[in-house]
There are 6 protein chains.
Amino acid sequence: MSDSPARPPISRYPVPKLAELPDDIRTRIQAVQEKSGFIPNVFLALAHRPDEFRAFFAYHDALMDKPGGLSQAEREMIVVATSAANQCHYCVIAHGAILRIRARDPLIADQVAINWRKADISARQKAMLAFAMKISQHSQDIQEADFQHLGELGFSDDDIWDIAAISAFFGLSNRMANFMSMRCNDEFHLLGRVPRQG
Amino acid sequence: MSDSPARPPISRYPVPKLAELPDDIRTRIQAVQEKSGFIPNVFLALAHRPDEFRAFFAYHDALMDKPGGLSQAEREMIVVATSAANQCHYCVIAHGAILRIRARDPLIADQVAINWRKADISARQKAMLAFAMKISQHSQDIQEADFQHLGELGFSDDDIWDIAAISAFFGLSNRMANFMSMRCNDEFHLLGRVPRQG
Amino acid sequence: MSDSPARPPISRYPVPKLAELPDDIRTRIQAVQEKSGFIPNVFLALAHRPDEFRAFFAYHDALMDKPGGLSQAEREMIVVATSAANQCHYCVIAHGAILRIRARDPLIADQVAINWRKADISARQKAMLAFAMKISQHSQDIQEADFQHLGELGFSDDDIWDIAAISAFFGLSNRMANFMSMRCNDEFHLLGRVPRQG
Amino acid sequence: MSDSPARPPISRYPVPKLAELPDDIRTRIQAVQEKSGFIPNVFLALAHRPDEFRAFFAYHDALMDKPGGLSQAEREMIVVATSAANQCHYCVIAHGAILRIRARDPLIADQVAINWRKADISARQKAMLAFAMKISQHSQDIQEADFQHLGELGFSDDDIWDIAAISAFFGLSNRMANFMSMRCNDEFHLLGRVPRQG
Amino acid sequence: MSDSPARPPISRYPVPKLAELPDDIRTRIQAVQEKSGFIPNVFLALAHRPDEFRAFFAYHDALMDKPGGLSQAEREMIVVATSAANQCHYCVIAHGAILRIRARDPLIADQVAINWRKADISARQKAMLAFAMKISQHSQDIQEADFQHLGELGFSDDDIWDIAAISAFFGLSNRMANFMSMRCNDEFHLLGRVPRQG
Amino acid sequence: MSDSPARPPISRYPVPKLAELPDDIRTRIQAVQEKSGFIPNVFLALAHRPDEFRAFFAYHDALMDKPGGLSQAEREMIVVATSAANQCHYCVIAHGAILRIRARDPLIADQVAINWRKADISARQKAMLAFAMKISQHSQDIQEADFQHLGELGFSDDDIWDIAAISAFFGLSNRMANFMSMRCNDEFHLLGRVPRQG
């Protein structure tokens, strides 16, 4: 756009250089870079505060990398729906890409972000997202009937904890990203949009 | 997704065949098809009611194809921001594609849809969208001060009418698309995401 | 009131004179004037933009003058309830008058405008208005269960389209009237309030 | 309406007969009847609980019949705006009639009820109603700046108390009327709509 | 706190001295002082307007001191839940103390104020509070089904009136206390927190 | 209460015994027990998931135990205000106790929890809480003007990060506690309510 401003920084706060970072953080970032081909900005933006960085990613890994009843695509659906409700650029775009890849579906992330009720997902997945949204928007109203409803759909108590914790954790992430105007890497917009062949 | 339902229809209501349609409507649809390479589903879904179809597209054209102070990209920004607030699959995805093309910017539609306040657009464009959102969400609060504020940013009274009317018209469009679960053509998800070269 | 301001204009925008208008628009306005005894201000205010005027009234007529399962009074109930939720002076007052006349009931318009849940209308009509309000306020939540519920009350799929489209169209109308501070003709306040005799 | 239900009672609770009432309450009601030509239903509906009746009308009179800086029409504006926000049939219709009479203006009550921001009232009266609505909807946000703003417009501290107390008292009245489905006398719909002559 | 402001007054409005008050009001206040050991500030703050004071406490007594199906602790639960929703310092703290005393439970007031759905109260009491909150927040939605639900739980029609009237009356009280920044006596914070022995 | 249910458990999920816990977690819990005289339930409830426990408390310590421009009492104010908005029993009661102790003020926690705008805190602290609430409720609206406003009141960019991160982290904590109906230890209700002497 001719009158658009200069490209803004990836965070309102100072972004440390890799060389300045503590070893464990630099090592983690380099591992991600090797795997993804680029460094997702969230790693650089949060590295401004090393102790919070470590806790944030420890929490993230405890929820997103653990085994359990929810598929990896389902966990990403929770992230995308929660982040859309919180209007978080970074998380909708970056986790939308991951959702497309995990679900091998180029359409699903836009659908879940815009209106998960109308997305091409199962009724069981919609119940999962309805609960995640209740955690995100009205957690004070959670009651035993919510557990019973999910239980009847086959979610275990541990699955339900996962749904709640993922929604709650990304609520934290959304607020931090909104707060510092964390900018998403351009790469994420396109990732997973062209279905893989073969 | 292994447990996703069969692909749903493009509308909850019957979709007429081209051959069954009145001549003027079929002609219009064929012209769009020739230009775009496919028929956007909104044309087929609304053709269930020919009189409403004619009025809808006459209104659309009166707002979107007219000359005026707003660029075509700016009009699409209004459509995308309004449609995201109303959580309308069809309009966010289809007009997001048009916005990317009009603005020659592969990132802008996701940014405006998720949180227009953080998008890579000018302060003037953000004021335009703030007014469009006030029309969409709290039109009862519009007051003379809103006109003065936009006037100071260089918007003419006719530009302001355009902003309001585009937001109001797509509010109608969003409600109809949500109501009939209008499905977006797959093509729109990818259009305009790869910047043109040369 | 001694300290009330001078009577405001019927629109914040210029209002064209009849003689200046395109023939088709002038003819339509004169027909209304002949029938009603006065020109409802909406015709004059929207004539500022002839193309939008034509599309607006074509849409209006396609929804309000067509045959179908909803009575004319029921269509006006939808207009009044939607317009009250959007706090639109023009539409509540003018269509309130039409509702009183169509329903031959001098009390109904005030009741529907203030709180349709408590109005002297049937349970079926309340279900119709509940759906119209969902279209107006939360169209993203519309789901198949809404159709089933209305179907059980005897509404056909075409009736349901009518309810949705009337609510959506008057949502557009309300936003435009709020935006330009469209003023209602004084005559509407009193029309239909004294029951006809004989 | 052919399918409308039988006319509902004036309250969901038993309505005492005049002869059964304590003397002071019957006397008060007869005085109102003599003055108005009919008994407003609120007197009969609340007489179900004599002690609450006495406190209610003592409070009412302390606020509405006292001298002070607010005109009687202005007090009724507060009642109508508050009651419309609370969607109370009885209070909007009955006090709308009183507002029309007090203000000698057949249009004002509909305007204030639908959207007080657009009514034919002064800027000072709009500030008064904005404060009344803040009391009604967000009293927890009232702060010293609100008092300063009203003071600059010429409202005394005692006027401000009146605005707040009238809005708070009718918030109570609205809730009770909504709760018991208190029905408004038909007479109120028409009162004050035809300007007096001479 | 080293940087906290000086202790604010008990009301933004003038607080009369006991000697200046009408006899009936002074007598009432002295009776409360004798019973409680101190004068609750609400008596002094409202005495600025003697007629409103009399109506306010007459209403209060008619609701809170009458016999009926609701226990005194249950009435105070309604007060605390309503007042917490309205964010009223005075009423949450003072009536929280009374609730602790009436229920002989040092924990209950904090629980009800923060989230009554999670409080150590019976399911029947939660239904009572859900209805009180509907009165307070959405009285326009009250319908016959609400009465039936409470009836099935054993509440009589007169009990239901009590629930509604207590919630509505304290909604008035909350708005007045918020408006004048009525300050709660320090004593209330601690009252009833240490369970009585013996 | 005679009809209150049996005392509910401290979490809806299984609570591990100390002896079953990993050494690092048991050691941490025993250290808290030694210092406080009892084990706050949050440690036992979250120990159901050791990895999440470790990340949660690492995050907590990184925000609450670090040096910085915010006093410890101010950090607790943020926790209490955020947790009250999220209606979280555990966090309002437990951190209310810590706030009373840190601020050496027996009244402050109730005031901040009920309505921080009316609490006995400085204008600067109210601005801090207004920002924390914006993070908690509308983080999508955060803009540069918010930073400027806080900067003018003497908050550094690092202080502002602390405010945001504390509000965001306790938003996570509130959602988890609401979700599992985490019960607060009785001790917290009374802690810090009697000012220390000497």
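Trainee: Is B:Lys66 buried, exposed or partly exposed?

Mentor: B:Lys66 is partly exposed, at a relative accessible area of 22%. Keep in mind that this is a predicted model.

Trainee: And which residue does B:Lys66 form a salt bridge with?

Mentor: With B:Asp162; the closest N and O atoms are 2.9 Å apart. B:Asp162 lies in helix α9 (residues 157-179) of chain B and B:Lys66 in the loop between α3 (50-64) and α4 (72-85), so the pair ties together parts that are 96 residues apart in sequence.

Trainee: Is B:Asp162 buried or exposed?

Mentor: Buried, because its relative accessibility is 1% and the limit for buried is under 20%.

Trainee: How many salt bridges are there over all chains?

Mentor: The search of the whole structure gives 96 salt bridges over all chains.

Trainee: Which parts of chain E do E:Arg7 and E:Asp186 lie in?

Mentor: Those two form a salt bridge, with 3.1 Å between the closest N and O atoms. E:Arg7 is in the segment before α1 (23-36) and E:Asp186 in the loop between α9 (157-179) and α10 (187-190) of chain E, so parts 179 residues apart in sequence are tied together. As for cover, E:Arg7 counts as exposed at 53% relative accessibility, and E:Asp186 is partly exposed at 29%.

Trainee: What about F:Arg193, what does it pair with?

Mentor: F:Arg193 forms a salt bridge with F:Asp110, and the closest N and O atoms are 3.0 Å apart. F:Arg193 sits in the segment after α10 (187-190) of chain F, while F:Asp110 is in helix α6 (residues 108-115), so this pair ties together parts that are 83 residues apart in sequence. Both F:Arg193 and F:Asp110 are buried.

Trainee: Which residues are linked in a network of salt bridges?

Mentor: A:Arg49, A:Glu52, F:Lys66, F:Asp158 and F:Asp162 are linked in one.

Trainee: Switching to polar contacts. What joins B:Asp120 and A:Arg183?

Mentor: A polar contact of 2.7 Å between their side chains. B:Asp120 is in the loop between α6 (108-115) and α7 (123-138) of chain B. B:Asp120 is buried, with 12% relative accessible area.

Trainee: And A:Asp23, buried or exposed?

Mentor: Exposed, at 53% relative accessibility. A:Asp23 lies in helix α1 (residues 23-36) of chain A, and a 2.6 Å polar contact joins its side chain to that of A:Arg26.

Trainee: How far apart in space are A:Asp23 and A:Ser173?

Mentor: 24 Å, C-alpha to C-alpha, and they are 150 residues apart in sequence.

Trainee: Now the rings. How many aromatic pairs are there?

Mentor: The count is 96 aromatic pairs over all chains. One of them is A:Phe179 with F:Trp161, which is edge-to-face: 6.0 Å centre to centre, with 85 degrees between the planes. A:Phe179 lies in helix α9 (residues 157-179) of chain A and F:Trp161 in helix α9 (residues 157-179) of chain F, so the pair joins two chains.

Trainee: Are those two buried or exposed?

Mentor: A:Phe179 and F:Trp161 are both buried.

Trainee: Which residues form the aromatic cluster in chain A?

Mentor: A:Phe43, A:Phe53, A:Phe56, A:Phe57, A:Tyr59, A:Phe169 and A:Phe170 form one cluster.

Trainee: Which ring does the charged end of D:Arg12 sit over?

Mentor: The ring of D:Tyr13, 5.8 Å from its centre. In chain E, the charged end of E:Arg12 sits over the ring of E:Tyr13, also at 5.8 Å from the centre.

Trainee: On to backbone angles. What is the phi of C:Arg104?

Mentor: Positive, about 50 degrees, although C:Arg104 is not a glycine. Most residues other than glycine have a negative phi. C:Arg104 is in the loop between α5 (89-103) and α6 (108-115) of chain C, and it is exposed at 69% relative accessible area.

Trainee: And F:Arg104, what is its phi?

Mentor: F:Arg104 has a positive phi near 50 degrees. F:Arg104 is in the loop between α5 (89-103) and α6 of chain F, and it is exposed, with a relative accessible area of 70%.

Trainee: Last one. Which residues make the nonpolar surface patch of about 340 Å²?

Mentor: A:Leu190, A:Val194, B:Leu190 and B:Val194. B:Val194 is in the segment after α10 (187-190) of chain B, and B:Val194 is exposed at 56% relative accessible area.

Terms used: Residues are numbered from 1 along each chain as its sequence is written. Chains are lettered from A and ligands numbered from 1 in the order in which they are written. This is a predicted model: local features need pLDDT of at least 70, side-chain atom pairs count only at pLDDT 80 or more; totals for chains, interfaces and linings use all residues. Side-chain values use heavy atoms; hydrogens and water are left out. Patches are made of residues with over 30% relative accessible area and no salt bridge: like charges are joined within 9 Å, nonpolar side chains (Val, Leu, Ile, Met, Phe, Trp, Tyr) within 5 Å. Accessible areas come from the Shrake-Rupley method with a 1.4 Å probe; for residues, only the protein chains shown count as cover. A salt bridge is a side-chain nitrogen of Lys or Arg within 4 Å of a carboxyl oxygen of Asp or Glu. Helices (H or I, at least four residues) and strands (E, at least two) are DSSP runs, numbered from the N terminus. Buried means under 20% relative accessible area, exposed over 50%, partly exposed in between (1.4 Å probe, protein chains only). Rings of Phe, Tyr and Trp (its six-membered ring) pair if their centres lie within 6.5 Å; planes under 30 degrees apart count as stacked, over 60 as edge-to-face and the rest as tilted. A charge sits over a ring if NZ of Lys or CZ of Arg is within 6 Å of the ring centre and within 35 degrees of the ring normal. A polar contact is a pair of N or O atoms within 3.5 Å; within protein, one must be able to donate a hydrogen and the other to accept it, and residues adjacent in sequence count only if both atoms are side-chain atoms.
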